[in-house]
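Q: I am new to this structure and would like a close look at a single part. Please show it to me first.

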Amino acid sequence: MTKKRGTKYVVKKGSAYWPNKEMKAIANMTDPKIYTKAAKDPVKFWEELAKVGLTWESLWSPKNGYVEKLPYFEWFKGGKINFSVNCIDRHLDRGDQTALIWVPEPTNEDVIKLTYAELYDKVNRFANVLKENEIKKGDVVSIYLPMIPEALIAMLACTRIGAIHSVVFSAFSADALNARIKDGKAKILITSDGYYRKGKPEPLLDKAKKAAKKTTIKKIIVVDRIGKKVRGSMFLDFHTELELAESYCKPEVMNSEDIMFILYTSGTTGKPKGVMHDTGGYAIQAYQTCKWNFDLHKEDIMWCTADIGWITGHTYAFYGPLLVGATTLIYEGGPNYPNPGRWWKIIEDHKVNVFYTAPTAIRMFIKTPQSWIKKHDLSTLKILGTVGEPIDKESWLWYFNSIGGGRCPIIDTWWQTETGGTLINTLPGIGPFVPTVSGKSFPGLKHVIVDDKGKEMPKGKKGLLAGVSPFAPGMLHGVFNNHKKYVDTYWKKFKTMYDTSDGAYLSNGLFRITGRTDDVMKVAGHRLSTAEVEDAFHDNSLISEVAVVPMPDKLKGQVPIAFIVLKKGSPSKKLESKLRKYIDIKIGPTARPKRIYFVNDLPKTRSGKIMRRILKALLINEEPKGLMTLINPESVDKIKEVILSNEK
Ligand code: PRX
């Protein structure tokens, strides 16, 4: 429920904001005791939520609410459910309600709205298209689509027949897609001929075709978005197939713990891992966090700006709002196309109530002439969310005042691809909303701050953030085809606690997240590993050695910087730009190093390990420590010179 435009939902007490009576009157959850109540018996708590919140074919047996045999654990084991039924069928009594609002980038094109009834029809038909193409329960389907309605239709169609979707970010390269197709042995690839970005059609099909070569892909289903002619027996036209297909597809009854999707994410090695999510556990977490974090009601319109190539797009641009029966808005294009007012005009035009974005976007808009924002009426907003990277105080306050008009709570949600849904944040009906602080573990969950050995840190001291049993229902069910990686990444360090790889500390009992403690970078909120970029460079015959390190960046949070020792050729601006483009081809532009420094040697220990820590210090103009352990300490001054001469 959203009150009339411009309602103020917060009140300031000291340096924090709290929900006022207007917020408490509408919020789905306002009871501060929910945390202690849930902590008494978290399994029972989640079981109750799942029974009330979701539609089950049949419930799990009472003793299987949570089965833990670490490093694996399962929720609602034996419970039967279909995910698409929960997103669509059960809302058909309100079939005329808009499920999806799609805003294309070109301003002369029409916005598309799909009601729940229309979405139901398309998802059923497309599920039949998949079946006709021999896709069955448990098969992996690769989806390489931009932010267009067909992405939602394709993903939900997979869940209707129990196929596992594996979505690959459309800005990723053919090589990145190829590796993911091969890992999942997908038989079908769903893509588009392109999409619109910054005023131009951006082709996608050539990358898709290249990626599908020498893989298990038999057919490529193509959405006509930019009007390119597609020929060949391997290709099917998305909409032609949809129209020809039967209009009803019986939903496949799935076990709660069956895998629903894979999403590849970066870790500390060169190869991204396929994080697997199940059906029932993921569904309840997506549903409940939408209801309580974003106070989402059926009549609300939520806009999460994340791309479906990332977990935030899966859970909060698509699935969460639909599970609740609300309306989700998605936008195809660039945030400032055709002008920096575009996002804010979308909020005004479509009367968005809940807006969820990343700190990088906020920092970008702080730098924009404010008149672009001021001229739009943002008074329908009720809740603002942030995700993906720590938010600094200045950005928090700007977001609060300039976008939220000083009226709306900011929900700073901490979570990961692996966790499926948010785990730590403040609830809008409970508060407090404190700049830079995420909040408490969601009711029924527990996190602790520990040292390297898993011992709890004294209050207020910085340490490692770890999850405690029972683990969140939405959390991963392993790494696709790689048990060892799953164990090594998440369970090796603490054995009985989930290793988040994030640093954090408690501030007045609330979690403040300080960022990754491993070699994972967050570039404009996008997750990338330094090793992945290094591996890509290693494939280049000009390069002898390379080290990639993140450098703090005012706009993007972090950016990759590469230090390269050449095997052939000589350093030049031209070569730098060629090598940056090389990364575009190998991974995608998100991974493109902001700078490349050509050096003669990299600082190494006696055992040959490259000391990236020293390179990081040099980049931020700090005196590097521990030079005694280096076999080549003289390399450090030389690298310093290279950095300085490039600054001139
Ligand atoms: O370092 C944390 C950061 O993003 C990482 C997870 O990235 P990814 O799997 O791409 O998922 C991003 C969206 C859920 C975390 O390990 N992170 C996420 N949310 C926050 C955050 N850092 C600080 N504050 C947050 N709210």
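Q: Which strands does helix α5 (residues 116-132) lie across, and at what angle does it run to β7?

A: Helix α5 lies across β6 and β7, and it runs at about 85° to β7. A word on the basis: this is a predicted model, in which local features need pLDDT of at least 70, side-chain atom pairs count only at pLDDT 80 or more, and totals for chains, interfaces and linings use all residues. Residues are numbered from 1 along each chain as its sequence is written, and side-chain values use heavy atoms, with hydrogens and water left out.

Some terms come next. Helices (H or I, at least four residues) and strands (E, at least two) are DSSP runs, numbered from the N terminus. Axes are lines fitted to C-alpha atoms, for helices over the stretch in contact, and angles run from 0 to 180 degrees between N-to-C directions. Contact means heavy atoms within 4.5 Å.

β6 covers residues 98-103 and pairs with β7 in the antiparallel sense over four bridges. Two strands pair if DSSP finds at least two bridges between them. Threonine 98 stands opposite threonine 115 in β7. On the sheet also packs helix α12 (residues 342-350). α12 touches β6, β7, β18 (301-304), β19 (327-331) and β20 (354-357). The direction of α12 makes about 150° with that of β19.

Step back to the sheet. Seven strands form an open sheet, in the order β7-β6-β19-β18-β20-β21-β22, with mixed pairing. β7 (112-115) and β22 (410-413) stand at the edges with a single partner strand each, so one side of each has no neighbour in the sheet. Neighbouring strands here are turned by 20° against each other on average, direction ignored.

α13 is mostly covered, with six of its eight residues buried. Buried means under 20% relative accessible area, exposed over 50%, and partly exposed in between (1.4 Å probe, protein chains only). The buried residues are Pro359, Thr360, Ala361, Ile362, Arg363 and Phe365. Their cover includes α12, β20, α14 (371-374), β21 (383-387), α15 (393-403) and β32 (557-566).

Arginine 363 is found in α13. It counts as buried because its relative accessibility is 9%. A polar atom of its side chain lies 3.1 Å from the backbone oxygen of lysine 554. Leaving aside neighbours within four places in sequence, arginine 363 is in contact with Glu389, Pro390, Asp392, Ser395, Lys554, Leu555, Lys556 and Gly557.

Just after α7, lysine 185 takes a positive phi of about 50°.

Last, a pair of helices. Helix α3 (residues 42-53) packs with helix α10 (residues 280-293) at an angle of about 85°, with their axes 10 Å apart. The two are therefore roughly perpendicular to each other, a label for angles of 65 to 115 degrees. Phe45, Trp46, Leu49, Ala50 and Gly53 in α3 meet Ile284, Tyr287, Gln288 and Trp292 in α10.

Technical notes. Parallel < 35°, antiparallel > 145°, perpendicular 65-115°, else oblique. Polar contact = N/O pair within 3.5 Å; in protein donor to acceptor, adjacent residues only side chain to side chain.
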